[in-house]
Amino acid sequence: MKKLLVLLLLPLLAACSTTEIKSTEQAPGVDFSTYRTYNFLPGEARNEAAFSRAGVGVEEVKQAVARELERRGYRRAEQPELWVNIGVVNEEKVQTRQTEFRTDGAPYYIGQRNYHWQAGEVAVGTYEVGTVTVDVVDARRNDLIWQGVTASPLSKDPAKSARRVDEGITELFGRYPVPAR
């Protein structure tokens, strides 16, 4: 009975991922199997300073991307066939809840003798969401051939944020045109 319960709950737990794939786009007509090497574009990533506040830097993102590319048979090279560009953005979000007229106070007075209950949003906290964009560019033609965007709430715990980055990049590359070996 316990095994059956675990088997039933596993898909539900997998569906509760904290990462979200925002988008993936692929250039039409590109044969990804012809590429063998990659490297990261030199310089800082877009918005790198803002992203590192969460205790996770762009280096952790690059390590996760490198791991996924190498699982697909690519190797890092000084003169690569593919350039990889990383973009990162942190955004502060406000967590809200819907008001409940039975527990959240008196009715609003609108107009002459026109009392009514009105629901609204109440701010209950803030949190940060980190978004990572991975651009894969054909080095010879200087054309963007694949782009993936993933987002996840960031934690104040750097280890948890690092795990979320790993999960997000792994999930993102699950949609890459070349499957892992």
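## Overall picture

The accessible surface of the chain comes to about 11,700 Å², and carbon and sulfur atoms account for 52% of that area. Areas of this kind come from the Shrake-Rupley method with a 1.4 Å probe, and for residues only the protein chains shown count as cover. This is a predicted model, in which local features need pLDDT of at least 70 and side-chain atom pairs count only at pLDDT 80 or more, while totals for chains, interfaces and linings use all residues. Residues are numbered from 1 along each chain as its sequence is written, and side-chain values use heavy atoms, with hydrogens and water left out.

Of the 181 residues of the chain, 35% count as buried; here buried means under 20% relative accessible area, exposed means over 50%, and partly exposed lies in between (1.4 Å probe, protein chains only). The chain holds four helices and eight strands. These are DSSP runs numbered from the N terminus, with helices (H or I) of at least four residues and strands (E) of at least two. Read from the N terminus on, the order of elements is α-β-β-α-α-β-β-β-β-β-β-α. Among contacts in the chain with a separation of 6 or more, 77% are between residues 24 or more positions apart, where contact means heavy atoms within 4.5 Å.

## Where α3 meets α4

Let us turn to a pair of helices. The axes of α3 (residues 58-71) and α4 (residues 158-173) come within 9 Å and cross at roughly 35 degrees. Those axes are lines fitted to C-alpha atoms, for helices over the stretch in contact, and the angles run from 0 to 180 degrees between N-to-C directions. The crossing of α3 past α4 is right-handed, a term for a near helix turned clockwise from the far one by less than a right angle.

On the α3 side, the contact is made by E60, V61, A64, V65, R67, E68 and L69, and α4 brings V165, D166, I169, T170 and F173. By class there are seven nonpolar, one polar and four charged residues in this contact. For this count, Ala, Val, Leu, Ile, Met, Phe, Trp, Tyr, Cys and Pro are nonpolar, Asp, Glu, Lys and Arg are charged, and the others, Gly among them, are polar.

Two residues of α4 are worth a visit here. R163 belongs to helix α4 and counts as partly exposed because its relative accessibility is 46%; its C-alpha atom is separated by 9.8 Å from that of E60, 103 residues apart along the chain. E167 is also found in helix α4, and at 39% relative accessibility E167 counts as partly exposed. E167 and A64 are 103 residues apart in sequence and 8.9 Å apart in space, C-alpha to C-alpha. Not counting residues up to four places away in sequence, E167 touches T18 and T19.

## The nonpolar core

The largest nonpolar core has 29 residues, and V65, Y74, I86, V134, I169 and Y176 touch the most other members. Such a core is a set of buried Ala, Val, Leu, Ile, Met, Phe, Trp, Tyr and Cys residues joined through side-chain atoms within 4.5 Å. At least two residues of this core come from each of β2 (37-40), α3, β4 (82-98), β7 (121-138), β8 (143-153) and α4. Helix α3 gives the largest share, six residues. In soluble globular proteins, nonpolar side chains tend to be buried together.

V134 shows how these parts meet. Leaving aside neighbours within four places in sequence, V134 is in contact with V65, V84, N85, I86, W146, Q147, G148, I169, L172 and F173.

V129 is found in strand β7 and is buried, with a relative accessible area of 12%. Apart from residues up to four places away in sequence, V129 touches V89, N90, E91, K93, A151, S152, P153 and L154. The C-alpha atoms of V129 and V89, 40 residues apart along the chain, are separated by 8.2 Å. Over in helix α3 lies A66, buried with a relative accessible area of 10%. Beyond its neighbours within four places in sequence, A66 is in contact with Y38 and F40.

N142 sits in the loop between β7 and β8. With a relative accessibility of 62%, N142 counts as exposed. Phi of N142 is near 60 degrees, a positive value in a residue other than glycine. Most residues other than glycine have a negative phi.
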